[in-house]
Amino acid sequence: MVTSSDFAGRERPTWCTGCGNYGILNSIKMALVEHNIAPHEILIVTGIGCGSKLPHYMRVTGYHTLHGRTLAVATGARLSNHGLRIMTVHGDGDAYNEGLSHFVHAVRRNVRIVDIVQDNRIYGLTKGQYSPTSERGKQTPTSPEGSIDRPVQPLALAITTGATFVARGYPGEIRHLAWLIGEALEHPGYALIDVLQPCVTFNRNYAYDYYRERVYKLEEEPGYAPSDRTAAWEKAFEWGDRIPIGILYRGESIPTYEEQIPALAAGPLVQQPLKTLQSSQVEALRAEIM
Amino acid sequence: MLQNDLTIRIGGEAGMGLESSGAGFAKALTRGGFYVFGLPDYYSRIRGGHNFFSIRIARQPLYSHAEPVHLLLALDLETVRRHIGKIVAGGAVVYDEKEDVPEELRRPGVSMFPLPLTALAEEQGGRAIMRNTLALGVATGLLGFDPAYVGSVIRDNFASKGQKVIDANLQVAEAGVEASRPFQADFPFRAEAVSDAPPRMILNGNEAFALGALAGGCRFVAAYPMTPGSPVLHWFAAHADEYGVVTKHAEDEIAAINMAIGAGYVGARSLVPTSGGGFSLMVEALGLAGITETPVVVYNAQRPGPATGMPTRTEQGDLLFTIHASQGEFPRFVLAPGTHEESFRIGWQAFNLAEGYQTPALILSDHYLAVAYRTVERDALDFDEVQIDRGALLTQKELDELEDPSQAEAAPYRRYRVTESGVSPRAVPGHPNAVWVSTANEHDEYGAVSEEAANRTAQVDKRTRKMEGADWNLESPSWYGPEEAETTFICWGSTYGPLREAVDRLNEERQGKANMLHFSALHPFPLEATQAALEQAGRTVVIEGNSTGQLEILLRARTGRSMDDAIHRYDGRSFTPEYILSRCG
């Protein structure tokens with residue numbers, strides 16, 4: 001039985017007091033305990049940003065990699081050992097700017113990865129520049145006159161690209177977020193949870209008091225069916241007075257990328273014995289070039 | 001002196017099937033007992049332009065192509081224009097009789113053989129595109145080479161296309177042999193099959209490397225297509241299911257290298273084949289592998305740069321870049337095979353090096369070696385020698401013996417433990433006793449982010465130290481030629497072949513004129529071996545396919561010694577023995 005003490009980290013987080021990442025960290029631990037996933041049974045791959053330090057603050061197998069490359073590293077890891085659960089944890093800059101291409105391709109492939117994006121709509125670690133999900137007009141050191149690009153729409157983009165599990169979470173609703181992570185862990189394919197992460201230092205306009213009044217749970221929304229892809233896509237654009245959290249879209253399961261690779265039919269790649277070629281194989285290879 | 005040393009060259013436009021038919025003919029000649037060196041030459045386009053395929057044959061092993069041509073098969077006039085000047089006295093041009101070859105193009109001593117290539121191809125095979133097969137049939141007849149070998153290759157190559165296609169091609173080839181009869185008396189060069197020759201193999205450098213990698217346990221390949229490295233990706237894609245290799249055409253090179261590092265992190269032997277431009281994109285990720293001490297193998301089949309450069313041509317321009325690639329300092333291996341056999345050997349050894357020293361192994365081939373077909377003995381690729389050595393990878397037993405973290409006072413596993421050798425015992429994720437986080441930040445022994453001064457120095461020293469005495473199991477530099485010589489030529493990578501033949505020819509003129517030193521492993525630099533070799537060297541001439549003399553720069557930086565002279569080539573073409581000899585003085 002996995003307990004929360006199994007995940008107790010040795011290092012204290014360097015996050016600011018009130019950072020949304022504390023809630024995200026706790027909800028991840030809660031979900032892993034609830035689903036009986038031990039620290040060595042999951043690999044958490046992160047990129048670069050405040051939130052990407054997350055695995056250092058818990059006891060877990062982790063790989064804290066390069067900005068934007070999180071999903072690429074995670075894909076290589078998952079395809080090489082699909083006996084290992086893979087979770088990615090990274091911020092909006094990592095996931096939707098530097099890593100935007102890898103995001104789209106991860107969705108297309110449907111590699112089984114739980115992708116948690118700590119979306120604080122700003123750059124924290126590099127001190128306050130605007131992010132791909134910042135609202136147009138945001139004034140920051142790299143946009144002193146107000147940004148002129150329109151934000152990326154990650155949930156709509158994921159739905160359009162064919163993701164079969166698209167959700168939004170909020171660390172102010174920690175049980176709900178833990179539940180979402182659990183559902184994503186059970187989802188047989190790529191699963192996205194964009195988390196509205198308050199950043200109390202660099203984005204005070206979008207802190208807990210902003211979200212508290214606006215978020216509502218789709219699970220409590222009468223008539224909302226997460227199986228309706230079109231409705232989900234439209235819901236992805238809802239913002240302002242009402243901000244939906246929960247599972248926007250959960251589609252019919254489709255085969256994962258890894259279950260379609262014949263080389264993996266015999267089991268995880270790294271568990272297949274690594275031996276030099278048999279003489280019959282050598283003969284066959286030689287015959288090709290004779 | 002090479003016996004029956006002849007070169008047949010077929011030329012035409014892109015889209016005329018020169019590459020496939022040329023490679024097929026090279027195989028037929030190998031089956032017929034010849035040593036063959038086949039070299040395609042093509043522009044970066046799918047249709048039009050000018051492509052040609054040169055097939056050199058001899059009764060002794062060949063290491064290079066050569067410039068003189070004995071038989072030119074011209075599928076268009078442009079081929080005549082470009083190549084007739086290379087034809088030796090007594091040689092011939094086979095061309096389509098519907099082309100009008102103007103007087104000013106013809107050469108004294110070179111016979112012109114007009115044949116109804118298009119008409120015959122259409123009549124006998126049904127399609128004008130079969131002119132390539134027809135022309136090679138003509139060559140078969142002129143050379144007196146047994147057409148049965150050509151037939152056997154046709155049957156193998158078109159097996160998947162059905163009997164009708166096989167028969168059409170056999171018919172066309174046969175028609176070519178027949179059509180050659182009136183000209184045979186005017187063509188003095190013969191290449192009769194060697195009936196009792198042992199079976200041999202013919203392959204190009206990309207195939208040799210791929211075979212070595214597979215033999216050495218490569219089980220994850222991620223790449224983005226880029227000439228001339230793409231065939232390695234194709235080869236693995238074609239063999240993926242049979243040999244259990246996860247092969248991924250990624251969205252871009254940055255994804256490819258990061259996937260391969262993710263794969264290596266969890267314990268798969270991973271490879272990324274590419275060319276210079278792709279390697280440039282991968283540079284940041286090399287540092288991730290370096291600082292997290294994750295094994296990965298990258299294969300760069302170089303081509304002329306910078307940027308797009310000349311996609312289908314050759315150069316040795318990435319040596320210093322590869323040795324220094326990525327910000328900061330971390331160890332890596334840089335290996336540059338000189339031959340097909342060496343491409344195979346380095347193919348498997350690269351993975352032992354990468355895992356043994358937990359760092360990237362970077363392989364530098366180039367277009368010339370990657371695409372050149374060469375006949376080798378059946379056991380020239382030594383599969384029996386292959387060993388899979390995983391270095392300090394912890395076995396199941398060793399992992400079980402690590403402290404159980406659920407026990408109080410248990411010491412966590414230290415992935416980056418500072419050891420005397422610098423190599424840390426390496427776990428891969430999945431065992432309850434080995435739970436840790438690796439990071440691209442500088443880190444302490446446990447993998448935690450650390451900016452502390454003493455720790456930084458200790459980790460940098462550890463990573464540096466682990467390479468001391470690294471043995472790459474290759475002789476580099478290696479000698480060829482007499483022990484003492486007036487001139488010692490020095491080269492690296494694929495220059496080996498043409499230079500070896502140039503050295504042979506010089507020594508045929510007068511024994512002791514030349515020898516050569518070849519570098520196949522360049523980083524970590526083999527200082528002692530190089531210094532010892534230079535003590536024995538004559539007048540030193542560095543030969544390399546780049547304009548700035550990168551090996552020369554490296555030699556001076558590492559040994560403090562300047563070389564006496566240099567021969568460069570950077571026109572996108574490979575060295576030939578003739579090119580080297582004409583510049584030797």
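In which sense do strand β2 and strand β3 of chain B pair, and over how many bridges? I found that β2 (residues 35–41) and β3 (residues 48–58) of chain B pair in the antiparallel sense over 7 bridges; strands are DSSP runs of E, at least two residues, numbered from the N terminus, and two strands pair if DSSP finds at least two bridges between them. P40(B) stands opposite F53(B) in β3(B).

I noted that this is a predicted model, in which local features need pLDDT of at least 70, side-chain atom pairs count only at pLDDT 80 or more, and totals for chains, interfaces and linings use all residues. Residues are numbered from 1 along each chain as its sequence is written, and chains are lettered from A and ligands numbered from 1 in the order in which they are written.

I then traced the sheet in chain B: it is open, with 8 strands in the order β6-β5-β4-β1-β3-β2-β14-β7 and mixed pairing. β6 (111–115) and β7 (200–204) of chain B each have a single partner strand, so one side of each lacks a neighbour in the sheet.

I next looked up the contacts between the chains. 45 residues of chain A are in contact with 50 residues of chain B (C-beta atoms, placed from the backbone, within 7 Å). α2(A) gives the most to the side of chain A that touches chain B, with 8 residues.

3 bridges join β2(A) to β15 (residues 437–439) of chain B, and the two run parallel. In this pairing, I recorded G62(A) opposite V437(B) in β15(B).

Key: Contact = placed C-beta atoms within 7 Å. Helix = DSSP H or I, 4+ residues; strand = E, 2+ residues; numbered from the N terminus.
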